[in-house]
Amino acid sequence: MHTLTKASPRFAIQQFFWIAMDWLYPPSCAGCGKNGERLCRSCLQQITPIDHQTSCPRCDLPQVNHLCPDCQSQPPVFEQLRSYSVYDGSLRRAIHRLKYENDLPLADTLCRFLISLFAEQNWQVNLICPVPLSHQRQRQRGYNQSALLAQLLGWALSIPFTNKALYRIRETRSQVGLNAVQRRENVKGAFSAVPSIVQNKTVLVVDDIATTSATLSACAEALKSAGASQVFAITLARTVQIEQS
Ligand SMILES: [Zn+2]
Ligand SMILES: [Zn+2]
């Protein structure tokens with residue numbers, strides 16, 4: 001685990017809060033359901049980091065050994081995307097629980113993957129923001145799981161976080177079931193960014209899952225149009241095939 005030399009006190013405070021809550025209301029493992037921990041040792045061991053030596057240098061698609069066909073034919077607007085692991089097994093179940101079952105302490109558990117992944121990069125980031133949810137989903141869910149992760153990452157790294165920089169200017173349909181071309185079309189021009197917040201900034205965009213990286217690229221496009229100098233992207237998980245569920 002990466003040592004947090006620069007973490008804001010708020011990061012430690014939220015950790016203590018959730019540790020106290022775990023003590024009062026013992027959690028069950030998000031991967032296998034076993035009582036006692038938010039993610040048990042055996043489920044943690046199943047989550048293997050993507051080998052960035054063999055993934056696409058631009059979008060992190062695993063095991064391609066060079067720039068992947070998508071990045072060759074239509075390079076993404078962000079400089080680089082890095083994901084911690086493949087969207088599978090216990091990580092998939094944990095993200096699902098964070099997203100749909102209101103399991104907020106899991107954001108603290110899962111954020112640790114982002115912290116260690118960030119520590120391996122050579123990015124000079126000065127603003128962190130999440131991929132915004134659609135208004136409808138934000139209303140239904142009540143929270144944006146990517147904003148929770150981004151906020152914690154900002155505290156852990158002492159880098160300013162904002163959820164005001166990037167917003168949706170039109171609703172998009174779910175990316176589930178669409179192919180790469182359809183996904184790109186679906187999110188094209190869906191985002192906008194606030195120039196006074198992002199101008200000349202190197203922005204890190206945070207999301208839970210990257211599927212084709214189309215959404216992250218559309219976010220990067222909005223940020224750069226508003227004057228951001230560079231955009232990097234980080235996610236917990238990367239799908240390898242088009243996700244169907
Ligand atoms: Zn488990
Ligand atoms: Zn690629």
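This is a predicted model: local features need pLDDT of at least 70, side-chain atom pairs count only at pLDDT 80 or more; totals for chains, interfaces and linings use all residues.
Q: Let's begin with the metals. Which residues coordinate the zinc ion (ligand 1)?
A: Look for the atoms that reach the metal. Here they are the SG atoms of Cys29, Cys32, Cys40 and Cys43, at 2.2 to 2.4 Å from the zinc ion (ligand 1). Along the chain, these donors follow the spacing C-x2-C-x7-C-x2-C.

Q: What is the geometry of that site?
A: Start from the ideal. Four tetrahedral donors ideally make angles of 109.5 degrees at a metal. At the zinc ion (ligand 1), the angles among the 4 donor atoms run from 104 to 115°, and the site is tetrahedral.

Q: Are its cysteines buried or exposed, say Cys40 and Cys32?
A: Check the relative accessible area, where buried means under 20%. Cys40 has 2%, so it is buried. Cys32 has 47%, so it counts as partly exposed.

Q: And which residues hold the zinc ion (ligand 2)?
A: Read it in the same way, donor by donor. The zinc ion (ligand 2) is coordinated at 2.3 Å by the SG atoms of Cys56, Cys59, Cys68 and Cys71. The sequence spacing of these donor residues is C-x2-C-x8-C-x2-C. With angles of 104 to 117° among its 4 donor atoms, this site is tetrahedral too.

Q: How accessible are Cys56 and Cys59?
A: Cys56 is at 0% relative accessibility, so it counts as buried. Cys59, at 2%, counts as buried as well.

Q: How many bridges join β6 to β1 and to β5?
A: Count the bridges on each side of β6. With strand β1 (residues 80-86), β6 pairs in the parallel sense over 6 bridges. With strand β5 (residues 202-210), which runs parallel to β6, there are 8 bridges.

Q: Which residues could I click on to see those pairings, starting with the partner of Gln80 in β6?
A: Gln80 has Phe232 in β6 as its bridge partner. Ser83 is likewise partnered by Thr235 in β6.

Q: How many residues of β6 are buried?
A: Of the 9 residues of β6 (residues 230-238), 8 are buried, so the strand is largely enclosed by the rest of the structure.

Q: What kind of unit do β5, α10 and β6 make?
A: Follow the chain from strand to helix to strand. β5, helix α10 (residues 214-225) and β6 form a right-handed β-α-β unit.

Q: Now the charges. How many salt bridges does the structure hold?
A: Look for oppositely charged side chains that come together. The structure has 7 salt bridges. One of them joins Asp22 to Arg38, with the closest N and O atoms 2.8 Å apart. Asp22 sits in helix α1 (residues 9-24) and Arg38 in the loop between α1 and α2 (41-46), so the pair ties together parts that are 16 residues apart in sequence.

Q: What else does Arg38 form a salt bridge with?
A: Arg38 also bridges to Asp108, the closest N and O atoms being 2.9 Å apart. Asp108 is in helix α5 (residues 105-119), so this pair ties together parts that are 70 residues apart in sequence.

Q: Is Arg38 buried or exposed? What about Asp108?
A: Arg38 has 9% relative accessibility, so it counts as buried. Asp108 has a relative accessible area of 1%, so it is buried.

Q: Which residue forms a salt bridge with Lys224?
A: That's Glu79, with the closest N and O atoms 2.5 Å apart. Lys224 lies in helix α10 and Glu79 in the loop between α3 (69-73) and β1, so the pair ties together parts 145 residues apart in sequence. Lys224 is partly exposed at 28% relative accessible area, and Glu79 is partly exposed at 23%.

Q: Which residues do salt bridges with shared partners join into one network?
A: Asp22, Arg38, Asp108 and Arg112 are joined into one network in this way.

Technical notes
Residues are numbered from 1 along each chain as its sequence is written. Chains are lettered from A and ligands numbered from 1 in the order in which they are written. Side-chain values use heavy atoms; hydrogens and water are left out. Donors are N, O and S atoms within 2.8 Å of the metal (3.2 Å for Na, K and Ca); water is not among the atoms, so sites may look incomplete. Four donors count as tetrahedral if all angles lie between 85 and 135 degrees; four count as square planar and six as octahedral if opposite donors are over 155 degrees apart and all others between 65 and 115; anything else is irregular. Buried means under 20% relative accessible area, exposed over 50%, partly exposed in between (1.4 Å probe, protein chains only). Helices (H or I, at least four residues) and strands (E, at least two) are DSSP runs, numbered from the N terminus. Two strands pair if DSSP finds at least two bridges between them. A crossover is right-handed if, with the strands pointing away from the viewer, the path from the first strand over the helix to the second runs clockwise. A salt bridge is a side-chain nitrogen of Lys or Arg within 4 Å of a carboxyl oxygen of Asp or Glu.
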